[in-house]
Structure formats: C-alpha cells, structure tokens
Amino acid sequence: MKNIFSRPKSLKKAAFHYCAGCGHSITHRLIAEAIDELGIQDRAIGIPPAGCAVIAYNYFDVDMLEAPHGRGCAVATGMKRVLPDRIIFSYQGDGDLAAIGTAETMHAANRGENITVIFINNAVYGMTGGQMAPTTLLGQVSTTTPPGRSALLDGHPIHLSEILGQLPGTRYIERCAVNSPANITRAKRAIKKAFKCQMDGAGFSLVEILSQCPTNWKMTPVNACRWVTETMAKEFPLGVIKDLKAQAPTS
Amino acid sequence: MKGTIKIDGEFCKECLLCTTVCKNQNLRPAAELNSKGFHPIELKEDADCNGCALCAVVCPEVAIEVYRE
Ligand SMILES: Cc1ncc(C[n+]2csc(CCOP(=O)(O)OP(=O)(O)O)c2C)c(N)n1
Ligand code: SF4
Ligand SMILES: [Mg+2]
C-alpha cells in the first residue's frame with residue numbers, strides 16, 4: 001500500500017506540549033503542510049508569540065525568531081523590509097493580536113506590510129490560565145468573568161479581522177476553524193493562499209483560526225470542537241472577510 | 001481492507017477526535033497506557049479501513065500515517 005498521509009517535512013518529529021485536542025497543534029501541522037506544498041521551507045521565517053505557542057520554534061523546521069507579546073507584526077515588518085525574499089509569518093493568539101498588540105497589528109496592516117499573520121482565536125488567554133480575552137463571548141465563563149462576560153462590565157467581543165478588513169492596506173483576510181475535517185481542509189487552503197499572497201508581493205494577509213481550547217473551556221476535546229461550530233462561529237462567522245488578491249499590488 | 005493506518009502511540013493524547021470522524025468506527029483507545037499516561041488509539045481487530053485519512057486530518061498530534069491501495 002502507498003503512503004498517502006504523513007508528517008510534513010517542515011514539522012519536526014517532536015511531541016507537542018499542547019493539551020489534548022488543542023487547535024494550536026492542528027494549525028501547526030497545516031502551516032507546515034502549506035510551507036511544504038509551496039516549497040518555501042528554506043525561505044520561511046516564523047515569529048512565535050507569548051502564549052501557549054511560545055515554544056513553537058521547537059516544532060517548525062524553519063527559521064524562527066521570538067517576538068514579545070503583541071509585537072509579532074512589528075517584528076515581521078522589520079524582517080520583511082530587511083529580507084524581502086523571505087516569507088515571514090507571525091503566529092499570534094487573541095490576547096496577543098487583539099489586546100496587547102492591537103496598535104502594532106493595526107498599523108502594520110494599514111501600512112500594507114507584505115507579511116502573513118496566523119491569528120489563533122481561542123476566546124481566552126490560554127497560557128496564563130483562561131482569563132477573559134477581547135474575543136471572549138458574551139456570557140462565556142472565564143477566570144476573570146466567573147458569572148460570564150457581561151457587555152455592560154466587560155464590553156463586547158472584538159472582531160479584529162473585520163476591523164482590519166476595513167483598512168485599505170489589507171489584501172486577504174479569512175476566518176477559518178480547525179474543529180472538523182471540512183473546516184481543517186478549508187483552513188489549510190486559506191493558509192496556503194495567505195502565503196501565496198505574500199509570495200506574489202500582494203500585501204498584508206491574515207488567517208484567523210477559531211481554535212478549540214478544551215482545557216480553559218473546561219470541555220472534552222470532542223465537546224470543544226462542537227462548541228466552535230454551535231456557539232463560537234455564531235459570534236465569529238467563518239468565511240472570507242476580504243480578498244483583493246486579484247488586484248495588482250499598490251505602488 | 002482498502003487502506004490502513006499506522007499509529008504512533010507515544011504521540012497520542014487520547015483526545016478521541018479521530019474516533020468521532022471514522023465513518024466505520026474503526027478506532028478505540030487501547031487497554032494499555034503510553035508513557036504519558038494516555039490510552040493511545042488503536043485500530044480494532046475487525047477494522048474496515050478504506051484509507052480516507054479523516055482520522056489523520058483531525059489528529060492534533062500528527063500521530064497517524066495513512067496507507068491506501
Ligand atoms: C509583555 C507581556 N505582557 C504579558 C505577558 C503575560 N502573558 C503571557 S501569555 C499571555 C496571554 C496569552 O493569551 P493569547 O495571546 O490569547 O494566547 P493563547 O495562550 O491563548 O494561545 C499573557 C498576558 C507577557 N508574556 N508579556
Ligand atoms: S491551554 Fe488551551 S490553548 Fe493552551 S495548550 Fe491547552 S488547550 Fe491549547
Ligand atoms: Mg488566546
């Protein structure tokens with residue numbers, strides 16, 4: 001029999017430290033598969049965040065350089081400008097991209113930096129123990145919203161991808177999930193398209209991933225995957241938010 | 001069997017996502033534990049695998065290789 005599925009070349013044979021069922025793990029594999037299929041292993045540079053993915057450099061077999069919490073897009077900007085032939089991707093959580101790093105993210109996007117961002121939205125601060133993130137749903141219980149997030153006290157969940165989509169500097173933004181085979185296949189296609197966008201010099205691309213965090217959601221992995229579709233995707237609808245890739249790059 | 005899978009039991013964390021996507025219910029946790037303390041997934045003796053790879057697609061640990069005729 002013929003092998004039709006195995007570990008991508010750009011993913012080291014190392015056991016992930018992530019919890020069972022975590023969306024970070026699945027997304028890591030998809031990024032590595034995309035890198036392999038585009039043949040950019042020797043050109044890619046990843047930027048891991050502060051957060052559960054802080055040691056992502058242990059897994060990707062590409063160059064990696066850590067950024068401080070929230071600063072992925074700023075670091076990516078510098079890298080891409082100094083090394084324009086490299087394919088730069090920043091990997092950031094929701095606490096990272098949508099809270100502490102909002103300014104860096106917005107301005108990099110607005111400048112139309114030719115970089116790719118993988119945005120892991122798990123609706124909590126995962127690594128630090130499940131505190132409310134800007135993306136936490138209304139009514140969602142977290143360690144800092146024990147009765148559930150209240151719009152009055154805590155504000156509404158922020159839709160950063162849609163906000164970024166309004167900036168003229170952004171080219172391609174899509175929201176995906178990694179909770180089912182069909183959604184995982186779509187997410188892989190989106191990640192590949194985002195890298196392609198950068199390879200074509202077309203400008204800022206971002207893929208948001210609704211990513212199950214069974215541990216902090218206090219669910220089994222199977223129930224967490226269900227929750228992504230039944231609850232989380234109602235607040236954060238899946239699909240293309242912006243796609244100007246077909247147009248010529250701005251001068 | 002038109003297909004089969006190879007499971008690296010040391011990588012498995014028993015999340016059970018694969019068991020929910022296999023149309024033929026071919027997968028179950030093994031009786032013994034791996035060194036991390038999980039019951040790694042195994043193919044049942046009477047498994048009828050068609051090599052669809054859905055289990056490998058959802059496996060967070062990249063613990064499954066798939067083979068097809
Ligand atoms: C500058 C700075 N502030 C705060 C922290 C503490 N810190 C580490 S991870 C984290 C939040 C992580 O949440 P998120 O970005 O959503 O990633 P996740 O763990 O959920 O994937 C915080 C606040 C830090 N490491 N650096
Ligand atoms: S705490 Fe959540 S995000 Fe972090 S590794 Fe565990 S499941 Fe994944
Ligand atoms: Mg988070």
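## Exercises on charged residues in a predicted model

A:E208 touches A:F119, A:N121, A:S161, A:E174, A:R175, A:C176 and A:F236, where contact means heavy atoms within 4.5 Å and residues up to four places away in sequence are not counted. This is a predicted model, in which local features need pLDDT of at least 70, side-chain atom pairs count only at pLDDT 80 or more, and totals for chains, interfaces and linings use all residues. Residues are numbered from 1 along each chain as its sequence is written, chains are lettered from A and ligands numbered from 1 in the order in which they are written, and side-chain values use heavy atoms, without hydrogens and water.

**Exercise 1.** Place A:E208 in the secondary structure, classify its accessibility and find polar partners of its side chain.

*Solution.*
1. A:E208 belongs to strand β9 (residues 204–210) of chain A; helices (H or I, at least four residues) and strands (E, at least two) are DSSP runs numbered from the N terminus.
2. Its relative accessibility is 1%, so A:E208 counts as buried; buried means under 20% relative accessible area, exposed over 50%, and partly exposed in between (1.4 Å probe, protein chains only).
3. A polar contact is a pair of N or O atoms within 3.5 Å; within protein, one must be able to donate a hydrogen and the other to accept it, and residues adjacent in sequence count only if both atoms are side-chain atoms.
4. The side chain of A:E208 makes such a contact with the side chain of A:S161 at 2.5 Å, and another with the side chain of A:R175 at 3.1 Å.

**Exercise 2.** Trace the salt bridges of A:E113 and classify the residues involved.

*Solution.*
1. A salt bridge is a side-chain nitrogen of Lys or Arg within 4 Å of a carboxyl oxygen of Asp or Glu.
2. A:E113 pairs with A:R81, with the closest N and O atoms 2.7 Å apart.
3. This pair links distant parts of the chain, 32 residues apart: A:E113 is in the loop between α4 and β5 (116–121), A:R81 in helix α2.
4. A:R111 also bridges to A:E113, at 2.6 Å between the closest N and O atoms.
5. A:E113 has 5% relative accessibility and so counts as buried, A:R81 at 58% counts as exposed, and A:R111 at 45% counts as partly exposed.

**Exercise 3.** How many salt bridges are there over all chains, and which residues form a network?

*Solution.*
1. The count over all chains is 17 salt bridges.
2. A:R29, A:E33, A:E37, A:K188 and A:K192 are linked in a network of them.
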